[in-house]
Amino acid sequence: MAPSAARPPRSAAVAWCLFDWANSAFPTIVLTFVFATYITTAVAENPIQGTARWGDMLAISSLLIVALSPLFGARSDATGRRKPWIAGLGLVMAGATASLWWVTPEPSSLLLALALVCVANVAFECLCALYNASLPQVAAPDRIGLVSGLGWGLGYAGGLVSLVLVLFVLIQPVP
């Protein structure tokens, strides 16, 4: 960074880190612990079939992420605006995740569950690519490692907090 160039405000780095805190609930709750278990064991016909279909869905979503992330990145780079893309993808992710409400514990809901998680995962990973690309705009070159590490750590903390909340608010009260 040139000596005359303005350093990004500290508030931009704080906001960037807090975004990591906030978005970590999705992979923790949906992809790893709560919904993954619910879909593979309660929605699917049996855990073996559920685990196989879950793996298929993750493979399909990964291929879509590989195909779409560069397109979103190129488009946001061409316009110079990442935040509208992050917001739009966040709305898609939130909408698909909220729609999991309609997934009932019966095999007829499996396709709906997998489709919703696939859409949410693609949106989440594409928005994360754009979010990560914004790091040089929120942190001076000599602070990128620090800000990235703080965001990463806050992300893990946010995931753990969300998991504890789900445990005590939603899971344990159910007999």
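## Aromatic cluster

Trp16, Phe19 and Tyr131 are linked into a cluster by ring pairs, where rings of Phe, Tyr and Trp (its six-membered ring) pair if their centres lie within 6.5 Å, and planes under 30 degrees apart count as stacked, over 60 as edge-to-face and the rest as tilted. This is a predicted model, in which local features need pLDDT of at least 70 and side-chain atom pairs count only at pLDDT 80 or more, while totals for chains, interfaces and linings use all residues. Residues are numbered from 1 along each chain as its sequence is written, and side-chain values use heavy atoms, with hydrogens and water left out.

Six aromatic pairs are found in the whole structure. The ring centres of Trp16 and Tyr131 are 4.4 Å apart and the planes lie at 15 degrees, so this pair is stacked. Because Trp16 belongs to helix 1 and Tyr131 to helix 5, the pair ties together parts 115 residues apart in sequence; helices (H or I, at least four residues) are DSSP runs, numbered from the N terminus. Both Trp16 and Tyr131 are buried, that is, under 20% relative accessible area, with exposed meaning over 50% and partly exposed in between (1.4 Å probe, protein chains only).

Note on methods: Helix = DSSP H or I, 4+ residues; strand = E, 2+ residues; numbered from the N terminus.
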